[in-house]
Amino acid sequence: MAVKELLDRYTRMEKLPHIWCPGCGHGIILGSVLRAIQRQNLEPDKTTIVSGIGCSSRAPGYMKFDTLHTTHGRALAFATGVKLARPELNVIVLSGDGDCAAIGGNHLIHAARRNINLTTVVFNNSIYGMTSGQYSPLTPHKRFATTAPYGNVDHPFDLCQLVIAAGATYVARGTAYHTQMLIDLIAKGIERKGFSFIEVVTQCPTYYGRKNKLGSAIDMLNWQKEHGVPVKAAAKLPPEKMEGKFVIGELHCTQRPEYVEEYQRIIDRMERE
Amino acid sequence: MAQKVAITGNEAVALAMKQINPDVVAAYPITPQTEIVQIFSTYVNNGLIDTEFVTVESEHSAMSATVGAASAGARAMTATSANGLALMWEIVYIAASNRLPIVMPVVNRALSGPINIHCDHSDAMGARDSGWIQLWSENTQEAYDNMIQAVRLAENPNVQLPVMVCMDGFIISHAMENAEVLPDEVVREFIGDYTPQKTLLDKENPVTAGPLAFTDSYFEFKRAQAEAMIQAKPYVLEVAREYAKVSGREYGLFETYKLEDAEVGIVVLGSTAGTAKNVVDKLRGQGFKAGLLKPRVFRPFPAEELATALGHLKALAVMDRADSFNAFSGPLFAEITAAMYDSGAQTKIVNYIYGLGGRDVGLGDIEKVYGHLARIAESGKVDQRLNYLGVRE
């Protein structure tokens, strides 16, 4: 589908251009989410997009669907309510690293534990961008932020491993650079029944990039290209070759009973009895 | 020597915090407050002060960490706005009921929804029954002065209550004005050292903070808390008198402007009072007896003093930058009319809800309110009690 067609069909054109900074990767992720929706042929009337607060959570403002812009960190809690009330809807949650891993971390692990049929895309730019560059739970160790002038003393979550451990049934990691792969990963996340989680490593040249002298947005995209190692390649590399790099692609795909269906089973059983 | 500087509200509050040099500050970013803790963190970073600066993962945790630090006997602070204050809610009440002298700047911002980052008073007004003292500021100077006085007030052994220092988001927080700041040593001497009455770190006299209090004792705790707020009023004035000695600036429970001989007046909080003073001057120039009252201390609520100051007016408009959605009035109106009823005043009173979500309030808007009051004064009748100013309907 040509870009214009995609935009006409799925975006609120009157809201464009977007307000993200020049070089921000969020537009690329938004484009990838829309292409994945288009590939899965989701009906806009049967699709709901839910977000929290932060740069990432601006995305639903541009999307021509029923969208729900909620409170900081709580997108998954709202989305859980939407899905339980209207199981027939495709519910996609767009969140950021601060939104999803810090203030909303509790909701994330419990959504994964329940294996509720939601697709969550986390825009991981390693920083709180909207409030001007505080470190988040995904800011790497020793990296700089306005609240980490001597380097981050904390170590980041591996968010994908966290949700795998918590019970998510589809987990993947992509980057803003590897857009074709990213579209595939999000599309499969939508297709899969259960809690699907896609972490997207993206660039914030304005705060994270500047604080850490990572160069331009292009330099940061090149960094993603050079440091994101596909799953198969990573499996063949000795650990020392993976030092400082990260695995991209499908990390986990399994099956477990899905929460809304399990819930419905109880309702059906009680109605019979 | 005091120094005149061009400074924004956020910068002034951060500077006051630097001069106070609290033991612990816990922070989470939220617009338009973020700058305060951001600027403050650079002071910590540069070694200018020795505060423990704790970055947390939500405002609920920010207030929790502050309560923990204060319980351990520290001089502890945090800062917030709107949704951040709302997320703190549970612990905001606990800070007051545990009688912890925490000082917290609240950069007033509209509470969702729809989500909005601009000024109104719905955040702090929502917290009006949480048991915190509330000091309101008209401009950068007052925000700075309130911060310093708040520490003395909160820590007074007869008060022992947390204090919110409220200032209008963006209008004060992000606008640059001239303000006079005190030398560090003057502030340090004014606030003095903090000696908590009880701390969790006192091994010889162990205490428990926050235990269960059921039907047999909860009510007594709350009654004591209510009494603390009742008793706080004279200390607000005592601290203000002491502060006038070091700063030359006088503060009371509220400020009146050309009110004594006025026939009509308005009550308005925060930055809009500055706008309204200009309108009063203009109307006075036309021979119209307009006046103004700007509350500074909303908690404790100075009911008798307000009723005495306003009771001679023929007509009064109470302006609320927050709606109570109670199908009756905004919060300030409800309390002021209650105070006036008690005093037996015959003043006709109307309510204006204005400026929600940062809607600008200009001179012309305030003039309209005075115009309405002139009609009420002449007819002796209130045609419409609840009015909305500057909204499309």
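Helix axes are lines fitted to C-alpha atoms, taken for helices over the stretch in contact, and the angles between them run from 0 to 180 degrees between N-to-C directions. In this predicted model, the axis of helix α1 (residues 9–20) of chain B comes within 8 Å of that of helix α7 (residues 184–191) of chain B, and the two cross at roughly 65 degrees. Because angles of 65 to 115 degrees count as roughly perpendicular, α1(B) is roughly perpendicular to α7(B). The crossing of these two helices, α1(B) and α7(B), is right-handed. On the α1(B) side the contact is made by Lys18(B), Gln19(B) and Ile20(B), which meet Asp184(B), Val187(B), Arg188(B) and Ile191(B) of α7(B). Sorted by class, this contact of α1(B) with α7(B) has three nonpolar, one polar and three charged residues.

Helix α7(B) also packs against helix α6 (residues 140–155) of chain B; their axes come within 8 Å and cross at roughly 35 degrees. Here Val187(B), Phe190(B) and Ile191(B) of α7(B) meet Tyr144(B), Ile148(B), Gln149(B), Val151(B) and Arg152(B) of α6(B). The contact of α6(B) with α7(B) has six nonpolar residues, one polar and one charged.

Between the chains, 15 residues of chain A are in contact with 15 residues of chain B. The two chains bury about 1100 Å² between them, with 57% of this area on carbon and sulfur atoms. Ile103(A), Thr131(A) and Thr147(A) supply 31% of the area that chain A buries against chain B, more than any other three residues. The number of salt bridges between chain A and chain B is zero.

Technical notes:
Residues are numbered from 1 along each chain as its sequence is written. Chains are lettered from A and ligands numbered from 1 in the order in which they are written. This is a predicted model: local features need pLDDT of at least 70, side-chain atom pairs count only at pLDDT 80 or more; totals for chains, interfaces and linings use all residues. Side-chain values use heavy atoms; hydrogens and water are left out. Helices (H or I, at least four residues) and strands (E, at least two) are DSSP runs, numbered from the N terminus. Angles under 35 degrees count as roughly parallel, over 145 as roughly antiparallel, 65 to 115 as roughly perpendicular and the rest as oblique. A crossing is left-handed if the near helix is turned anticlockwise from the far one by less than a right angle, and right-handed if clockwise. Contact means heavy atoms within 4.5 Å. Ala, Val, Leu, Ile, Met, Phe, Trp, Tyr, Cys and Pro count as nonpolar, Asp, Glu, Lys and Arg as charged, and the others, Gly among them, as polar. Buried area is the accessible area (1.4 Å probe) that two parts lose on being put together, summed over both. A salt bridge is a side-chain nitrogen of Lys or Arg within 4 Å of a carboxyl oxygen of Asp or Glu.
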